[in-house]
Amino acid sequence: MPQEYLGDVYLGADCVPVPEIPLSDSQTLSPHQIVPMLIGSTIEAIERELVLQTLARCHGNRTHAARVLGLSVRTMRNKIRQYATDGIDIPAHS
């Protein structure tokens, strides 16, 4: 299966890399700039958003999304089941 290397993560063929945000040459986002944007959010909310967006980028493929996130497929399945129970829309496999 062809894979694309993106930073420290290998994406399977079914995953779509996140497009780069165009920034000026002198402007890059460091962790010191990103973390303040997350302050006020719970770890649970940040994790849920990361899981759902990764799942969407992987076209709903749970196995690939789990690999990208470094989770077991079982953990991914359990998280998705909990999100569905909470009434959250889950990206469907396409």
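The model is predicted. Along the sequence, the elements follow the pattern β-β-α-α-α-α.

**Overall picture**

- The protein has 94 residues, and buried residues make up 19% of them.
- Take the contacts between residues at least 6 apart in sequence: 52% of them join residues at least 24 apart.

**The nonpolar core**

- The largest nonpolar core has 10 residues in all.
- Its members are Val-51, Leu-52, Leu-55, Cys-58, Ala-65, Ala-66, Val-68, Met-76, Ile-80 and Tyr-83.
- Helix 2 (43–57), helix 3 (62–69) and helix 4 (73–85) are the elements that give two or more residues to this core.

- Leu-55 is found in helix 2 and is one of the core residues.
- Leu-55 counts as buried because its relative accessibility is 0%, and buried means under 20%.
- Beyond its neighbours within four places in sequence, Leu-55 is in contact with Gly-60, Asn-61, Arg-62, Ala-65, Ile-80, Ile-90 and Pro-91.
- Leaving out neighbours within four places in sequence, Thr-54 is in contact with Ala-65, Val-68 and Leu-69.

**The loop between helix 2 and helix 3**

- His-59 is found in this loop.
- His-59 counts as partly exposed because its relative accessibility is 35%, which lies between the 20% and 50% cut-offs.
- Most residues other than glycine have a negative phi. His-59 is not a glycine, yet it has a positive phi of about 55°.

**Helix 3 and its two ends**

- At the start of helix 3, a side-chain oxygen of Asn-61 comes to within 3.1 Å of the backbone nitrogen of Thr-63.
- Within helix 3, the residues His-64, Ala-65, Ala-66 and Val-68 are buried.
- Ala-65, Ala-66 and Val-68 also belong to the largest nonpolar core.
- An α-helix has 3.6 residues a turn, so residues three or four places apart point the same way.
- Just after helix 3 comes Gly-70, with a positive phi of about 75°.

**Helix 3 against helix 4**

- Two packed helices are described by the angle between their axes and the distance between the axes.
- The axes of helix 3 and helix 4 come within 9 Å and cross at roughly 110°.
- Helix 3 is therefore roughly perpendicular to helix 4, since angles of 65 to 115 degrees count as such.
- On the helix 3 side, the contact is made by Arg-62, Thr-63, Ala-65, Ala-66 and Leu-69.
- On the helix 4 side, Val-73, Met-76 and Ile-80 take part.
- By class, this contact has six nonpolar, one polar and one charged residues.
- Ala-65, Ala-66, Met-76 and Ile-80 are also members of the largest nonpolar core.

Definitions and conventions. Residues are numbered from 1 along each chain as its sequence is written. This is a predicted model: local features need pLDDT of at least 70, side-chain atom pairs count only at pLDDT 80 or more; totals for chains, interfaces and linings use all residues. Side-chain values use heavy atoms; hydrogens and water are left out. A nonpolar core is a set of buried Ala, Val, Leu, Ile, Met, Phe, Trp, Tyr and Cys residues joined through side-chain atoms within 4.5 Å. Buried means under 20% relative accessible area, exposed over 50%, partly exposed in between (1.4 Å probe, protein chains only). Helices (H or I, at least four residues) and strands (E, at least two) are DSSP runs, numbered from the N terminus. Contact means heavy atoms within 4.5 Å. Axes are lines fitted to C-alpha atoms, for helices over the stretch in contact, and angles run from 0 to 180 degrees between N-to-C directions. Angles under 35 degrees count as roughly parallel, over 145 as roughly antiparallel, 65 to 115 as roughly perpendicular and the rest as oblique. Ala, Val, Leu, Ile, Met, Phe, Trp, Tyr, Cys and Pro count as nonpolar, Asp, Glu, Lys and Arg as charged, and the others, Gly among them, as polar. A polar contact is a pair of N or O atoms within 3.5 Å; within protein, one must be able to donate a hydrogen and the other to accept it, and residues adjacent in sequence count only if both atoms are side-chain atoms.
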